[in-house]
Amino acid sequence: MAAAGADTDLAAAAPAVSTCAHCQREIPSSNIDLHSVHCARNLQKCLHCGEMVPRKLMDEHYDENHAPMNCTLCKETIERESWDLHKSEKCPQRMVACEYCEFELPAVDMNEHQDVCGNRTEYCQTCKKYIRLREWIGHEIQCHTNSNGSAETSRTIPEREVRPPPPVRPARPAHGSQHKRLLFTIAVTGIAVMVGSILFQRDESF
């Protein structure tokens, strides 16, 4: 009887509440009229997320949380809720790494690249055979599994394929000095011919 009386006292002590028809929150009944007027005048329910937002901030709320986004890679318009998924998994122009050579390419080109790259062969140091890269993991599991049940690998995939720099052409020999030497030789030869001609004419005059 004492416990029942205590529960009755607590129920009587708890303030009565009412639900706001605008925001669906429970408000003390003594304040419900004032709250309802303020809520209907100043707050607006977002149609996208159901959050009550100040009316003057609704446009800002929409732009920051729900407005579609333009992907700079594929030029598509994406709903903001799907942006993270699009950026990480769906965008055809996102950069992904080849599972065989770790070289990064746009996702839309990766299947074609891996069809070629996976058919390359690499020499297995353990069994002394050339193995296609697309068959390498299965080859190691089948042929090189150790006593612990794990596959021993004899191949190291680089963290990222680095394209070699273009070959450097050997410097062309400088032709300026040869040209000057040729002109000097011609000039000396001309002077020698002129001097010889003058001496020859003097000898004939005597």
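Predicted model: local features only at pLDDT ≥ 70, side-chain atom pairs only at ≥ 80, totals over all residues.

Me: How many helices and strands does the protein chain have, and what percentage of its residues count as buried?
Reply: The protein chain has 7 helices and 10 strands. It consists of 206 residues, and a residue counts as buried under 20% relative accessible area. The buried share is 19%.

Me: Which residues form the largest nonpolar core?
Reply: The largest nonpolar core has 8 residues. A second, separate core has 6 residues, including Cys-23, Ile-32, Cys-39 and Leu-43. The members of the largest core are Cys-98, Tyr-100, Cys-101, Phe-103, Leu-105, Met-110, Cys-117 and Leu-133.

Me: Which residues of helix α2 are buried, and what arc do they cover around the axis?
Reply: Helix α2 spans residues 32-42, and its buried residues are Ile-32, His-35 and Cys-39. They lie on the same side of α2, because the arc they cover around the axis is only 60°. An α-helix has 3.6 residues a turn, so residues three or four places apart point the same way. The arc asked for, covered by Ile-32, His-35 and Cys-39, is 60°.

Me: Which strands do the buried residues of α2 pack against?
Reply: On the other side of α2, Asp-33, Leu-34 and Arg-41 are exposed. The buried residues of α2 pack against strands β1 (17-19), β2 (26-28), β3 (43-45) and β4 (52-54).

Me: How many disulfides does the structure hold, and how far from Cys-23 is the nearest cysteine sulfur?
Reply: The structure holds 0 disulfides. Cys-23 is in no disulfide, because a pair of cysteine sulfur atoms must be within 2.5 Å to count as one. Cys-23 is also buried, because its relative accessibility is 12% and the cut-off is under 20%. The nearest cysteine sulfur to that residue belongs to Cys-20, at 3.7 Å.

Me: Which cysteine has the nearest sulfur to that of Cys-71?
Reply: Cys-71 is in no disulfide, and the nearest cysteine sulfur is 3.6 Å away. Cys-71 counts as buried, because its relative accessible area is 5%. The nearest sulfur is that of Cys-74.

Me: Is His-86 buried or exposed, and which residues does it contact beyond its neighbours within four places in sequence?
Reply: His-86 is found in helix α4, residues 83-90. It is buried, because its relative accessible area is 6%. Leaving aside the neighbours within four places in sequence, His-86 contacts Cys-71, Cys-74, Glu-76, Ile-78 and Cys-91.

Me: How far apart in space are Glu-79 and His-66?
Reply: Glu-79 lies in the loop between β6 (77-78) and α4, and it is partly exposed, because its relative accessibility is 45%. Leaving aside neighbours within four places in sequence, Glu-79 is in contact with His-66 and Pro-68. Glu-79 and His-66 are 13 residues apart in sequence, and their C-alpha to C-alpha distance is 7.2 Å.

Me: What is the phi of Glu-102, and where does this residue lie?
Reply: Most residues other than glycine have a negative phi. Glu-102 lies in the loop between β7 (95-97) and β8 (104-106), and it is partly exposed, because its relative accessibility is 25%. Although Glu-102 is not a glycine, its phi is positive, at about 65°.

Me: Which residue in the hairpin of β9 and β10 takes a positive phi near 60°?
Reply: Strands β9 (residues 121-124) and β10 (residues 129-132) run antiparallel and are joined by 4 bridges, and Tyr-123 has Tyr-130 in β10 as its bridge partner. The hairpin has 4 residues between the strands. The residue asked for lies in the loop between β9 and β10 and is exposed, because its relative accessible area is 52%. It is Lys-128.

Me: Which residues does UniProt list for "domain: TRAFD1/XAF1 zinc finger", and how far apart are the end C-alpha atoms?
Reply: The UniProt entry, which is unreviewed, lists residues 109-143 for this domain. Over residues 109-143 the chain is 49% helix and 23% strand. The end C-alpha atoms are 32 Å apart.

Notes. Residues numbered from 1 in each chain as written. Heavy atoms only, no water. Helix = DSSP H or I, 4+ residues; strand = E, 2+ residues; numbered from the N terminus. Buried < 20%, exposed > 50% of the residue type's maximum accessible area, 1.4 Å probe, protein only. Contact = heavy atoms within 4.5 Å. Core = buried A, V, L, I, M, F, W, Y, C linked by side-chain atoms within 4.5 Å. UniProt positions renumbered as here; feature names shortened; annotations may be inferred. Arc of directions from axis to C-beta. Pairing = 2+ DSSP bridges.
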